[in-house]
Amino acid sequence: MSVHRLISIRDDHWSGLSGLLCLSLAVLCSSEVPAQDAADDLFSSQIRPLLQEHCVSCHNADEMSGGVQLDNWGPVLTTTQLRQLKVARKLVEGRRMPPKEEDHLQDTDRRRLQHWMAAELEEAARRPVPYDGITRRLTRRQLRNSLSELLGLREDFTKQLSPDAPSRDGFTTQAETLSIAPLQVETLMEVIADALLEALPDPDKPPVVQTFRVDLGENINPDPPAEKLILGANSDLLPLQHYKITELAPDISCSFVPFQLQRTFDFIEGYVGNDTIREWRHFEGIHHNVFACVRGTPGYPHGRAWEVAADGLLLRPAIPSSELFGISSTYGPRANFKISLRELPAHGDFRVTVRARSISNEMLLEPNTPVAATVSSTSLSMEGGNPAVLDLQDHSLVQFDVVLAAESTSGELMLQVGEQRLHAAVTGKQAALLPEKTADDQGRICGFVVMELSPGTHSVQWRFPDADGIRGVMATVLDPNSPMVRTFEEFRSRAPLLGVHAGLRRDCGSTLARVGEPVRVTDEWQDYQFEDAINNYPAPDLESGNPNYLAGVREIGVRSEYTDGQSRQRLQVRSVTFQGPYFEQWPPQSVENLLPQHPDRDLSLKMQQDSGVAVKDAARRYAGVVLDRFATSAWRRPVRNEETQGLLRVWEDAAASGASFVESLREAMLITLTSPQFLFLIEESSEAAAEPLTEHELAQKLSYFFWNRPPDERLLVSAEQGKLTEQLEQEANRLLADQRADDFFQQFAAEWLDLHRFDVVEVDQSRFRALTRDARARLRLEPSEFLKHLVKNDLSAANLIASDFMVVDETTAAFYGVDLPPATGFNFIAVADSTGVRGGLISQAAILAGLSDGRNSHPIRRGAWFARKIIAEPPEDPPPNVPQLQDEAGGLTMREKLALHRDQPGCAGCHSGIDPWGFPFEAFNAAGLPNTRETDSSSVLPDGTAVPGFEAFRTYLIEERLEQIAFSFVRHLTTYGAGRELSWPEQEWIREHLANLRDEGFPMRKLVLLAVGNPAFRVK
C-alpha cells in the first residue's frame, strides 16, 4: 500500500490531534479580581513611590546595578522579578539596601516595604499552578530508541527527520518546541514504513547475503594480478601478493541467496597515481572491487606505521593527523588501514570479524633511550652476510643496541630476530659513545628494542641503507631489577585497542564512524566481532553507472586506536571478514518477536496460498492477537477493545485487497506507530485542577526521562498493579543504576551545559595543538561521565564546583597532563586531581573551550553561562542593537574592552550580572587549559564579595552559594524531565525540600530524586 493511500486511511485517526495539541490553561476565577485590585492599589500608592525614591536611581533600564531593573516592576511580578525580590528582601532586612550613601529609608517605610515583600512572596508561592496536562511529541532520539526497542532493530531510520529545536532553557524535551507540522507527517510515515519493512520482512523470501574474507600476510596470494591498481592521492596500496579475497558461505543455518561480488568494470574517469585519466578502460578481477590500502597523512614518528609479516599485517596506533601538523586532515590518521570496496548492502545488520593478536614481546625504544650494552654484552656481527646467532640459556629480556660507524650515520634499520622484524630510524646524533671507545674512535651506540625471548638459539640479522654504517648489534640480557624491566612490564599492560570503522571514501579523504567500542587485544589469536546496522554509517549517494573509478567506494577501517601517545604493543591483523545482512536466524529474531507463537500462527502465514474459511478465520484471530499485543507495547498502556478492532479493520482492508498476512500486518502496524498514542507523550487531564499522573503516564514519563526509551516490563507491571506511585523512588533508583541511563546523562549534560558550543567553536589549532579532533571527541564526553559518577555515587553537589578527583580516560588525561593507571584506554575512571584546578565540572575543557571565541577566553560568554546554568540567576536579555566590543586603542585587555563597553548606553546593567561571574574563568585559555599568560582572574561578585582568583571563587561558591547551585541543578533537571518551564510555586517547592538535604551536603542522587518528586513531574 502506498504512503498516500495510508494517509487517506488515517484521516480519522488524526482528526482529534489538533484539539489534543491545543490544551488550554485554567484562568483565575472572578472572585480573585477584587483582591487583585487591592494589590494593585497598594503597589501603586505605597510601594512604587518608595522604589522610585530609594531604588530606581541605581536599578533602571540604563544602569541596572547588579543586573536588576526596578522601574518596570508592577503589581504582578514575573518569575525573574520574584527571584530578584527574594534576594532584595534579604538585603533590605539586613539594612544593606539602600546603600548608606543613598537617601536614608525611614523605619516605617522599611517595615512597609518588608511587609509588602513578604506578602508578595507568600502570595506567589500560593498562586495556583494551571495544571491541565501536557502533550509533547517524542524527540528524534526518543523515537529512534522507541522504534529500536519495539521492532528489535539497530538501524536508525530517523536520520532524515529534522533536528529537534531547543527551548529557551536549552532542552529539546520541552512541549513548547515538540509540535508537529503537517508536512512532517508524510516523512514520519515513510520513516516508520521503512522500519517496519526491515523488522517484518516476508519470512518465506530467503535473504541475499554478502560474505567475504580478506586474508593478510606476506606472499599469501601466490598468483597476484600483474596490473597496478589505481587509487589516487595519499594511498599506500598493499601489494596484491600480500592479501587474498575469498567469497564465503554465510554463517547461518537457513536458506539464503549468496551475493556475488562484481568482477568486471568499465570506467572513464580515475587516477593513475595522481594523474587524472579520461578514457574508457576495462578492468577485470575481484581486486578492482575489494582492495586493501593504508591511507592517511604520511610519516610516522618512530617505527613504521604498518608492515606486512608472514602471518598478518602489523599496525601501530593510528595517530591523528593533526597531532603533529596542526590541521585536521580528512585523509585520516597514521596508520589508517582499510578494506575498500564497491558493494555493500543498503540495509540490515552487518558483522565484521577481525582475527588479531598483539605483539607483546617487543618494545621499540624511543630515540635517546639509554643503552644497556656493557663490555660484557654479546657483540653480534653478520660476517659474510650470514645471520648472527644469539644463544640464551633462560627465558630472558634482551635489549638490542645498534653500533653505528659515526655520528653522521643515519637511516632506517631493519632488525630481524628469528621471524620477527622491526623497522625504525636510527641516527648517530642521538647515540652515545661505545663503552670501550673514545671520542676519537667515533664509535657510536643507540638503544633500539627490548625483546622477550625464549631459551635457545636465535638468528639475528639486519639491513641498513649504508652497509658500512652499521658495525654490529649488542645484545644485553637485562637484570630483573633494572629500570628497563619495569618499563617493559608497564608497556606489556598497554595492549592494542582494536577499533573497526565504517564509511565511505572520497577524493579528498574518508568519512568514517566507529563501529561499537574498541576492544583490548590479547597476545593469542582471537576473533573479534563488531556489529551494527549498515545504514547507520556514511554512504555515498551514487547515481547508477557513474563512470569514475573512485566513485561510490565504501570502506571498513581496522585500527590500533590512539589514546594518549604512550608506547603501545603492535596490533597484528590476520584477516577481516564481512557478512551482511547478518542474521543469527531466518526469519530474523524481529519477526519472532512481532509474530509470537500461537496455535493460529502457521495457518495465518499461509493466507495467500489458501483462501479457505478456516485459514481466514485463523488469520483474523491471530492478527487480532498480534495487533493487540503490538499496540499495547507501542502505546505504553493497555489497549481498549475498540482500538484493537479499529486496527483490525485496517488489516482486513489490506488483506481484502490481496496483500499477504505479513503485508497486511505492516499496514495496521504503520497506523499504530503513526498515531498520537505512539508519537506523543500524552497526559490526559479531565479538569483544570491538579491531578496525579495515571500509573501508565508516570511509567512512560519515568522511562523517557531516565532512558529516552519506552518503559520496560517491570515498570509496566508495576503500573498495571497500581504500585508505581508508591514505589517511585525505588524505581527511579533502579532506572538510574541501569546502563540505559547513560543516554540520560549524555543528553541532559549536553543540553544543560550547552556543550553544542564546543561542537561548533573553531579553536585556533596553531595555538592549541593539543585540542585535536580525537581529543575533542573524548573531552565532549567528560562532563556527562563526571555527572554520572557524582549521581551514581551520591556525592555532594559541591563536587560540581570543586572536587579532589577527575573522571577521565587516557585521551582526556593526556590533554590535562594527568597520569593514569596503565591499560585505562577509553574507560573513564575517577582519579586524583593532581593539577589542583581540574576537579569539578566548571573547569572542564569542553565547557570552557566552547565558551571561548577559539582564540581568546571570553568572560562575557562564560559569565552569562554561569549565571544561567550554574547559579540560576540569569541576566536580563540584552537590548536590541547591542554594540560589539571595541578595541579602538589597540592592545586593550579584555577588562579594558569591557570597561569601554559598559560605558555605552544600555550596557552597564546587563554586564553587572554577567562580568563578575566571568572574570574568575580568565584563569583558563580558549582551549580550557590553565592560562600561561599573565591574566587577572580576580573579581568583585554581584553581592560585593571580592575574590582574588579562581580558587577563591570556587571556595566562595561552596561556602556561600552551594544551596543555590543545588537549586539550579534541580530546577534545570526538573524542567528537562517535566517537559515545560516551572512555575514560581514549583521552584519554591524545590527550595523548601532542599533544606532537608542541607546537612548532607546536597547529595546528587537525592537531588535527582527530588526532581522526580516535584509536583511538576508527578502532577498534570
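## Close-up views of a predicted model

**View 1. Contacts of Phe706.** In this predicted model, Phe706 touches Ala732, Leu735, Leu736, Arg740, Ala741, Phe744, Val1008 and Val1012. Residues up to four places away in sequence are not counted.

**View 2. The largest nonpolar core.** This core has 98 residues. Phe706, Leu957, Phe969 and Leu1007 have the most contacts inside it. Helix H31, residues 962-978, gives the most to the core: nine residues. A second core, of 51 residues, is separate. Leu150, Ala195, Leu595 and Phe661 are among its members. In soluble globular proteins, nonpolar side chains tend to be buried together.

**View 3. Leu724, a buried loop residue.** Leu724 sits in the loop between helix H18 (713-720) and helix H19 (728-737). Its relative accessible area is 0%, so Leu724 counts as buried, the cut-off being under 20%. Neighbours within four places in sequence aside, Leu724 contacts Glu695, Leu698, Ala699, Leu702, Leu715, Ser718, Ala719 and Glu731. One of these, Ala699, is 25 residues away from Leu724 in sequence. The C-alpha to C-alpha distance between Leu724 and Ala699 is 7.4 Å.

**View 4. The largest cavity.** Four cavities of 30 Å³ or more are present in the structure. The largest holds about 100 Å³ of space. Its lining comprises 13 residues. Nearest the centre of this cavity lie Glu366, Pro367, Asn368, Cys446 and Gly447. Strand E18 (420-427) and strand E20 (444-453) are the elements that give two or more residues to the lining. By class, the lining has six nonpolar, six polar and one charged residues.

Definitions and conventions
Residues are numbered from 1 along each chain as its sequence is written. This is a predicted model: local features need pLDDT of at least 70, side-chain atom pairs count only at pLDDT 80 or more; totals for chains, interfaces and linings use all residues. Side-chain values use heavy atoms; hydrogens and water are left out. A nonpolar core is a set of buried Ala, Val, Leu, Ile, Met, Phe, Trp, Tyr and Cys residues joined through side-chain atoms within 4.5 Å. Buried means under 20% relative accessible area, exposed over 50%, partly exposed in between (1.4 Å probe, protein chains only). Helices (H or I, at least four residues) and strands (E, at least two) are DSSP runs, numbered from the N terminus. Contact means heavy atoms within 4.5 Å. On a 1 Å grid over the protein atoms alone, a cavity is a set of points where a 1.4 Å probe fits but cannot get out, and a pocket is an open set with protein on both sides within 12 Å along at least five of seven lines; lining residues have an atom within 4 Å of a point. Grid points are joined across faces, edges and corners, and a volume is the space filled by probe spheres set on the points. Ala, Val, Leu, Ile, Met, Phe, Trp, Tyr, Cys and Pro count as nonpolar, Asp, Glu, Lys and Arg as charged, and the others, Gly among them, as polar.
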